[in-house]
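Me: Hi! Could you walk me through this fold?

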Amino acid sequence: MQTPLPRQNTVLNATTQNPRPRLHAVYMAAGSGSRFGGGKLLAPFWGAPLYSHGLAALAACRTCAAVAVVSGEEEILAAAKSQGFMPVLNDNPAEGQGHTIKLGLAALGTGAGFTHTNTAALGTLFLPADIPFITPEILAGVAALFLQNPNLPAAAAFGGVRGSPVLFPARLHRALLAQTGPRGGKALLLNEDVQLYNVAAAHLLSDVDTKSDLAALSTLLK
């Protein structure tokens, strides 16, 4: 679930205009779901698998020029391909988010040698697959805010508390490749002035860790 920020972050007014298509995205759908008891992302939520809601938001948003979907589940990889996204196999999810990030960046070609002056993406958005209420509007809002200052990370937030997705600028891609373990790129944000795109309700950014989380969220209206 969301955790309080360790430092004050800059909150800017975001626009919802369509940004330039110079962004990439990694859909992180490789977690083992151990706290859930396994099979978390395939669990039904509102008549569809949990993972499918974020995938649909990415497809409807069309903000990112390229999307890599990293997963160890054949169903999720097939769904990614059907949406025109890049399916990326993670056959060792136990290595944590750091490994998923590396696989996604490698597939998108946004690793070493990335600059703001080439024709590649200005940054990469990372969206976990266990946030069922994420919307295309939130994704577009984070992207639009980021493009106001593409040297700083941007993230969705509620009440000033940062959540996901997070959009990392190109200058941090090399550092992301060095991250290991379950925390992924969170440590990098401790020393960054993160631009926050505030959403209207907390549940829009709530993730699912346990079966009780899933049951609680299923009672809410989107």
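This is a predicted model: local features need pLDDT of at least 70, side-chain atom pairs count only at pLDDT 80 or more; totals for chains, interfaces and linings use all residues.

Me: Great. What is the strand order in the sheet?
Reply: The open sheet of seven strands runs β5-β4-β1-β6-β8-β7-β9, with mixed pairing. Strands (E, at least two residues) and helices (H or I, at least four) are DSSP runs numbered from the N terminus, and two strands pair if DSSP finds at least two bridges between them.

Me: And which strands stand at the edges?
Reply: β5 (86-89) and β9 (195-198); each has a single partner strand, so one side of each lacks a neighbour in the sheet.

Me: How do β7 and β8 run, parallel or antiparallel?
Reply: Antiparallel, with four bridges joining β7 (residues 154-158) to β8 (residues 161-169). A154 stands opposite L167 in β8.

Me: Switching to helices: at what angle do α1 and α4 cross?
Reply: Roughly 60°, and their axes come within 8 Å. Axes are lines fitted to C-alpha atoms, for helices over the stretch in contact, with angles from 0 to 180 degrees between N-to-C directions.

Me: Which residues meet there?
Reply: A57, L58, A60 and C61 in α1 meet P136, L139 and A140 in α4, where contact means heavy atoms within 4.5 Å.

Note on methods:
Residues are numbered from 1 along each chain as its sequence is written. Side-chain values use heavy atoms; hydrogens and water are left out.
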